[in-house]
Amino acid sequence: MVDRLAQTIVAPITAVGGSVAMVRVSGPMAYSVAKAVFANWPDKVEPRRAVYGTFVHGDDGLALPFASGASYTGDETVEFSVHGSAASVAGLVEACCQAGARPAGPGEFTMRAFLSGRMDLTQAEGVRTLVEAQSDAALRQGRLLREGRLSAMVAAVREAVLGALATVEASTDFSEEVGDLDRDVLDRRLADIVGETDRLLGTAAASRVAHVGVTVAVVGKPNAGKSSLFNALLNADRAIVTDVPGTTRDALHETIQAGGMLMRLVDTAGLRETSDTVESVGVGRSRDAASEADLVLYVYDASAGFDEVDEAEFEVISRPKLAVANKADLPHRDGPGTKVSAVTRSGLDELLSRVVGSVGVAVGEVPFVLPRHVPLLQRAREALVDVRQTLGQPVPDDLAAVGLRAAARALGEITGETATPDVVERIFHDFCIGK
Ligand code: GDP
């Protein structure tokens with residue numbers, strides 16, 4: 001069988017469409033591939049020093065060498081910068097393949113970095129987060145992952161589990177020397193460890209907000225100014241604004257960034273009982289949108305006042321909600337909620353900061369778990385809870401060891417220490433080519 005890891009791989013590492021593109025060659029033959037495709041490859045390679053020159057495929061640009069052990073993947077690597085046309089990139093990749101490289105698979109550069117011990121799985125996931133980040137919050141989380149902050153927290157929990165396991169094993173194997181297992185002491189240690197897994201699991205909701213963002217539905221009676229407010233928040237003319245009540249029939253959505261996080265705004269048709277079938281479909285959809293949103297903005301016309309219908313509609317919203325008194329530029333009496341005007345844009349900043357305040361995540365240097373980590377933490381937690389129950393029964397000590405090993409294995413799968421090759425393969429396969 002061919003040792004795929006011993007092969008030299010090549011792929012563009014920049015997206016199509018820029019004026020400059022980068023192509024990375026990595027593996028034991030990287031320098032010799034470079035020598036074959038780059039006319040000005042130096043006889044004496046100086047790592048991390050870019051050289052300008054011409055390529056055999058007909059372009060000119062830079063070659064930047066990295067020595068084995070001091071590159072992204074850990075292997076000998078050369079990064080070429082050429083002009084960004086598809087022709088130039090394809091020509092260079094082809095030339096590298098003729099010189100002995102093969103095209104890299106999805107995530108293969110980062111997988112090699114993992115396999116050579118340059119990063120663990122959570123750090124690799126951090127790279128992916130940094131590459132895909134669409135908000136400041138995601139960028140910050142990517143950096144924390146990349147720095148190994150989550151990995152250190154998970155490793156500490158795993159160490160504690162392994163410590164408990166060592167205690168159990170010592171008392172079963174060498175009970176004469178170390179004495180009987182003190183089950184109360186062990187139980188207290190395990191309770192602390194369960195607390196730590198709970199703390200990590202507790203970051204999952206904030207993690208979703210940081211990585212994916214939140215959905216905010218704009219609802220209210222027809223003509224309250226929902227579409228106008230939606231547009232004002234978007235700063236663009238996406239939704240149809242009209243004077244005829246009930247003509248915004250579809251749920252429209254757009255994504256903005258506010259308070260450093262992504263916010264998916266959903267403009268809904270008027271929440272109004274109606275006999276018009278088309279419109280009632282819209283009303284149904286807007287109720288759906290409202291019931292699935294992370295936050296509902298209930299907009300009413302301040303110049304008409306917050307009436308009984310508004311009160312009833314506001315009451316039935318089952319999600320976190322904020323009242324918004326729109327048309328505050330017109331004469332109005334005091335009512336609930338934030339006063340805004342979609343027309344003059346007054347109050348919008350305050351509204352956004354209230355939205356961020358009610359659904360946002362605390363800005364801090366705390367790393368959050370990713371969706372992949374949640375079931376593994378749950379598995380570790382369940383195993384630990386089982387061990388505590390077992391220790392309460394008159395059963396042999398070594399039964400506890402089984403559960404502790406299972407917990408350690410699940411935690412190790414988060415960082416990759418105990419991940420099987422197919423798990424690793426699957427994680428990196430979700431990456432794109434060139435990562
Ligand atoms: P929707 O049915 O709730 O989506 O309401 P629209 O956004 O279509 O607005 C209904 C009417 O109210 C339109 O004529 C808007 O120009 C007007 N309108 C919306 N917001 C404001 C506002 O803040 N001030 C004033 N004076 N008029 C507004």
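Is Arg 208 buried, partly exposed or exposed? Arg 208 is partly exposed, with a relative accessible area of 40%. The model is predicted. This report starts with the strands, then turns to a helix and to the charged pairs.

**Strands**

Strand β7 spans residues 214–220, and six of its seven residues are buried. β7 pairs in the parallel sense with strand β9 (residues 261–267) over five bridges. Val 218 has Asp 267 in β9 as its bridge partner. β7 also runs parallel to β10, joined by five bridges. There, Gly 220 is partnered by Val 299 in β10.

Strand β10 (residues 295–301) runs parallel to β11 as well, with six bridges joining them. Tyr 298 has Ala 323 in β11 as its bridge partner.

Strand β11 covers residues 321–326; five of its six residues are buried, so the rest of the structure largely encloses it. β11 pairs in the parallel sense with strand β12 (residues 338–339) over two bridges. Ala 325 stands opposite Lys 339 in β12.

**Helix α3**

Helix α3 (residues 108–115) is mostly covered, with seven of its eight residues buried. Among them are Phe 109, Met 111 and Phe 114. The buried residues of α3 pack against several elements, including β1 (9–12), β2 (20–26) and α4 (121–132). Gly 117 follows α3 and has a positive phi, near 80 degrees.

**Salt bridges**

Side chains of opposite charge can pair when their charged atoms come close. The structure holds 21 salt bridges. Three of them are listed here.

| Pair | Closest N and O atoms |
|---|---|
| Arg 158 and Glu 417 | 3.2 Å |
| Asp 294 and Arg 208 | 2.6 Å |
| Lys 221 and Asp 307 | 2.6 Å |

Arg 158 forms a salt bridge with Glu 417. This pair links distant parts of the chain: Arg 158 in helix α6 (residues 149–173) and Glu 417 in the loop between α15 and α16, 259 residues apart. Arg 158 counts as buried at 13% relative accessibility, whereas Glu 417 is exposed at 55%.

Asp 294 forms a salt bridge with Arg 208. Asp 294 lies in the loop between α11 (277–292) and β10, and Arg 208 in helix α9 (residues 204–211), 86 residues apart. Asp 294 is buried, with a relative accessible area of 14%.

Lys 221 forms a salt bridge with Asp 307. Lys 221 is in the loop between β7 and α10 (226–234) and Asp 307 in the loop between β10 and α12, so the pair ties together parts 86 residues apart in sequence. Salt bridges that share partners also join Asp 75, Arg 102, Glu 108 and Arg 112 into one network.

Technical notes: Residues are numbered from 1 along each chain as its sequence is written. This is a predicted model: local features need pLDDT of at least 70, side-chain atom pairs count only at pLDDT 80 or more; totals for chains, interfaces and linings use all residues. Side-chain values use heavy atoms; hydrogens and water are left out. Buried means under 20% relative accessible area, exposed over 50%, partly exposed in between (1.4 Å probe, protein chains only). Helices (H or I, at least four residues) and strands (E, at least two) are DSSP runs, numbered from the N terminus. Two strands pair if DSSP finds at least two bridges between them. Contact means heavy atoms within 4.5 Å. A salt bridge is a side-chain nitrogen of Lys or Arg within 4 Å of a carboxyl oxygen of Asp or Glu.
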